[in-house]
Structures are given as C-alpha cells and as structure tokens.
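Dear colleague,

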Amino acid sequence: MVGFKTNLFIYFVCFATIFKIYPLYTNTTNEKRGKLFFFYFFLHNTLNKKKRHSNNIKKKWTNKKVIINLIKGTRVFDPIDYEKREFIFTEWKKIAKQFAYTFYDFPILDNYNLFKRSQINEAYDFYKHNRHLILRPEITPQIISYLFFKNGFLSEYPKNVSAGDTTTTTTTATTITTTTTATTGTTISVDKSSHNSNNTRDTVKNVYILKNLKKVLKVCTIGQCFRYEKISKNRKREHYQWNIDLYGINNTNAEIEILTILISFFQNVNLSHNDIIIKINNKKIIQFIINRIFKKTLANFSSNYVNKIVIKKILHILDKYKKITSYNFKLLLQKKIPYIQNEQISHFNNIITNVKNINDIKKLLNYNFLIYNDLKNILSYFYQINLHPFFEIDLTTVRGLDYYNNTIFETFYKNKNTRSICGGGRYDFYIKDLPYETTCTSLPTKYVPAVGFGMGDVVITDILFNQKKKQLFPIYNNKINVVTYFPFFNHTNVNNKNVYKEYYNILHILRNNNIKIYSLLQSNLTLSKALKKANLLQSNYFLFFNSAISIFILKNLLTGKQLAVNSENVLAIYNSVW
C-alpha cells in the first residue's frame, strides 16, 4: 500500500509538471527544450528504478528459504536418547524411594525475584505484562520457598484480613508484629500505612507465615533448568537436574546419608571406586587456613571485610585451581588481592597442593578439634564400611556457590577428564539471609539446617553410554513382540460381529502383560504384505484373522509354526515354547 501511494505521487508530479510547463515548451528555444526533456527523462528513470527495486524485494522474499535451527545449547531426544534419559530418571527415582525421600515438582517458569541473588552467571529472563519472569536456573530456591513459606514466599492481604491473622495495625506508622502458633508456625505481619492524614487508602498488610521449621524434610526433585552459559561437550544451556535435599538435621548424619545415596546410585549403574572419586572438603578448614597464612596482611582490615570480601575472593579463585596452572593461580591472587605478599601466596599454594589426608589436616590446624571434626566423622564412617576408596580430601574443592558453609564435595569420573558429575554440601541458612531477593526487612532469625546435592543428566549420560561403560547398558530395546493384522475395522461384511470384541480382548490381555504389540493400520495391505512387514519389523510373532474360518492365528516367525488363539488361551500359547 505504501509503494502504491508513492508511485501515485510520482505520477501526479509528472502530470502537474507537464500541465504547467507544456505551454512554455511551445514557446522556448531548443536549449530550454533540451532541459525539459532531461527533466522528463529523470522522472521517468526514477519511477522505473523504484519499480525494479520493488520487484527485486518481492522476488527476494518470495524465493527466500526460511531455515529454523534448534536453539543453540538445547537438545532433541530421539528414541535412543529418550530411553537413555528415562533409564537415568528411573535410577534416580528408585534410589530416592529406597531412602524414603518425598518427590516434588515445581514450575519451569517462575518469578525472577526468587532467583535474583542466586550465583548464576546468566539466566533466561524476560518481561511479560510488567512481570519479570525467568526460566529457572536451579531448583533450590523454589524448594525453600515452598517448604518454609505458607502459600508462597510473599502474600499480601488488605487491612481487614481474617480473624485468624495477626491484626495489630496503625494509621500513622509502620508496626511489625510476630506471633507463633503450634499449627501454622511463625507469622510475621508488616502493617504499612500512609503518614498523610488526607490519604484514605486501606492499610496494606504483608503477611509471612513460616512453616516446617522444626520438621525433618527429605526432598527429591527432578527438573529441567536453563542457564545461558558457554557451550561445550558436556555443558548445555538446558539440562535435567536431580536434587536430593535433607532439611532439619544439624549433625553429620545428614551428610552421611546424602553421600550414601550418591554412592548407592553409582553402584546401581556399575560405577565403582575405580571409576568415581568424591573430592571432599570443609569450608571451615579452608577459611581457617586462609586466616592463618594471610594473618599479618589481613590484620589491617576489619573482620567483616575479611570474611565478606577477601575470603570470598580467594575462594572464587581457588574454585578455578584445577582449570588453570599453578603459576596462573598465583598471578590471579596477586591481581585480585594486590595487598597480600608473594611469600604468603606461595605458602598457601604449597599447603592446598600437599594436604591429602585427615592426619595432615590435624597437624596443619594444630589439632583444633572443632574445625576438622565434621570431616573426620564423615570419613571415619565410610572407612568403617569399607567405602573410603570413593573419597579424597581436596582443599581446592570449594564450589562456585557461596551458600555452602561447611562440608563441600564434588564427584568426578576418573577415566576421563570431564566436568563434575555432581556437587553438593551443607548450606545451613537463616530465614533472614535467604539466598534470593526479598522485600521483607522484618523476617525473624530462624535457623534451618540443610544438606543436599545436585546431579545433571548431561555428564552422567556421557559416562554411562559414551565411555567404556556403554556396553553394560543396551537399554534401547525397540524389539516388537507381536505384529497384528486385522483389516476389518471399517468393514461390515464380517460374519461374526463378536470378532471385533475378541480382537480387542486378545490385544488387551497381551498388552497388560507387558507384551509390545505393533498394529498394522494401513488399509491397502494384503495378508502377504502384512507378513512381509512383520518380518521387516523383526517381530517374534504375527497375529492375523483368517476370515475364511473366522479364527485368529498366532504365527511364530522364528519357527514358522502357527496356532489358533482366542482371549482365553492366547497368553498361555504365547508363553509356551513352540
């Protein structure tokens, strides 16, 4: 439409020009006539160019092939990959059920504020109708929000809330009231009202109802997560994650159970200590070492600055220790923390490299029992049950997430340099220090012990099916047991009308006994073509209806024998050797 209007305008200009100038043309010299001809030629050429350009654009878009590629970093699960994924899911669920963990599932799409303070580099987030939404990068914030806050993380009620809620209000200031009940837990009410007496709006009350604070909760989740990360062989931008979390136990029994679950999974998929290593550390130990080695330098700063800034920087650099050389590790420490001395850095590097067992840690910590006792108890337990070969003390294991505050562990495949299979540890938290964004400044200090781990499906799939263990898992079994041929669905010329019911009953009985049946649904097949199709599908049996004698025949394609069957004897005949 725009092109049509433009062309019409040019035609109008030409017509107006001719109408205006033609009288001059008849009374002008040859020189002026030449200029007028040049003007007409210019308008005509401009119009033709525009037409050609418009036609080229139409031709370009008409012939353009639209190629829609898969979003980079995502996966398509074909039948084989789907079976691999389902095998892993089945093993995850089986282990969780054996340890009596409860299953939860949460939305992939959630509010951005729930993950705002999560230690994720990149996220898939967007705005829709003035709401900031996100494809979840992890599941832990959703678990905490659901388990410990009734009806979601934040609920807003008007001034006239129900009588069961806390009702302390004011019209001139902000009042915070906290009550505790045996049934609903802790209720924190924040009444916000305007200081302007002319404002007649109702007071808004934000009510936070905490729950499950004194319960032991054993939680299992399997969900898809999205992170906009750099792609590699075993790093995608989406993955399925198995989370095992244990809340409410404030001793090393929680870590022992979590690690036992992990080892049980590896044993179930035929991965032994010769294949798997669990590198374990304790954040208290590494923090004690940092404070001791850099004591002179850090004495010039406040303890708050040291704990929240300096130690955090050192731990983030230490998390990269295995990915860079020792020389680059020292350079990175010097660059990020320029006020620490080179001798201290070299001493720190020697310690984290050479400490390999609990006796080394005891000597290093001057037998400070309170610092290393948790790690000692965990390793002692697994030593007593002869599972200690799975473990290795590694002081460089600190994990990238800041909320781990005690035991930390990561699991690796020994036979090939791959990314971590899974990682976890203890992440005890206080409700007021939740690892995600909140607008509430009045949450009480409630302590929640927590231990857990997360395992993605990408690395473990590669190990089980693409490494040396792949021959142990021929899981993709698309073997068809029975091919059926019954071309009378739309026919009315079958003598016995009960044939349809009998056919249904035969298939129903076989399928209920986990016998895989493939029904040929083409309307143009003859019996010979159907038999040929059954052989191509590599089926063991071929079931067809003999319309001449009105009986169903089950043919053994391996031996060539065939027997008449009905709904009463088909299962017995199928299971017999003939």
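Please note that this is a predicted model.

Helix H3

The buried residues of helix H3 are covered by elements that include S1, S9, S10, helix H5 (253-268), S17 and H13. Those buried residues are Lys84, Arg85, Phe87, Ile88, Phe89, Glu91, Trp92, Ile95 and Ala96. Helix H3 itself comprises 20 residues, 79-98. From its first C-alpha to its last, H3 reaches 28 Å, close to the 28 Å expected at 1.5 Å a residue. Just after this helix, Ala100 adopts a positive phi of about 60°.

The sheet

Several of the elements that cover H3 belong to an open sheet of eight strands, in the order S1-S9-S10-S17-S14-S13-S11-S12. Its pairing is mixed. Strand S1 (102-104) and strand S12 (391-393) are the edge strands, each pairing on one side only. On average, neighbouring strands are turned by 20° against each other, direction ignored.

Ile280 has Ile393 in S12 as its bridge partner.

Two further helices lie across strands of this sheet:

- Helix H4 (residues 140-148) lies across S1, strand S9 (217-226) and strand S10 (238-247), and runs at about 40° to S10.
- Helix H13 (residues 457-466) lies across S10, strand S13 (407-413) and strand S17 (450-456), and runs at about 55° to S17.

H13 is also among the elements that cover the buried residues of H3.

Cysteines

How many disulfides does the model contain? With a cut-off of 2.5 Å between cysteine sulfur atoms, the count comes to zero. Are Cys225 and Cys422 buried or exposed? Cys225 has 0% relative accessibility and therefore counts as buried, the limit being under 20%. Cys422 has a relative accessible area of 2%, so this residue is buried as well.

Confidence

The average pLDDT of the chain is 80, and 72% of the residues score at least 70. Over residues 154-206, however, pLDDT stays under 50. For that stretch the model has 102 contacts beyond four places in sequence. Where pLDDT is low, the predicted coordinates should not be read in detail.

With kind regards

Methods: Residues numbered from 1 in each chain as written. Predicted model: local features only at pLDDT ≥ 70, side-chain atom pairs only at ≥ 80, totals over all residues. Heavy atoms only, no water. Pairing = 2+ DSSP bridges. Helix = DSSP H or I, 4+ residues; strand = E, 2+ residues; numbered from the N terminus. Axes fitted to C-alpha atoms, helices over the stretch in contact; angles between N-to-C directions. Contact = heavy atoms within 4.5 Å. Expected span 1.5 Å × (residues − 1). Buried < 20%, exposed > 50% of the residue type's maximum accessible area, 1.4 Å probe, protein only. pLDDT = per-residue confidence, 0-100.
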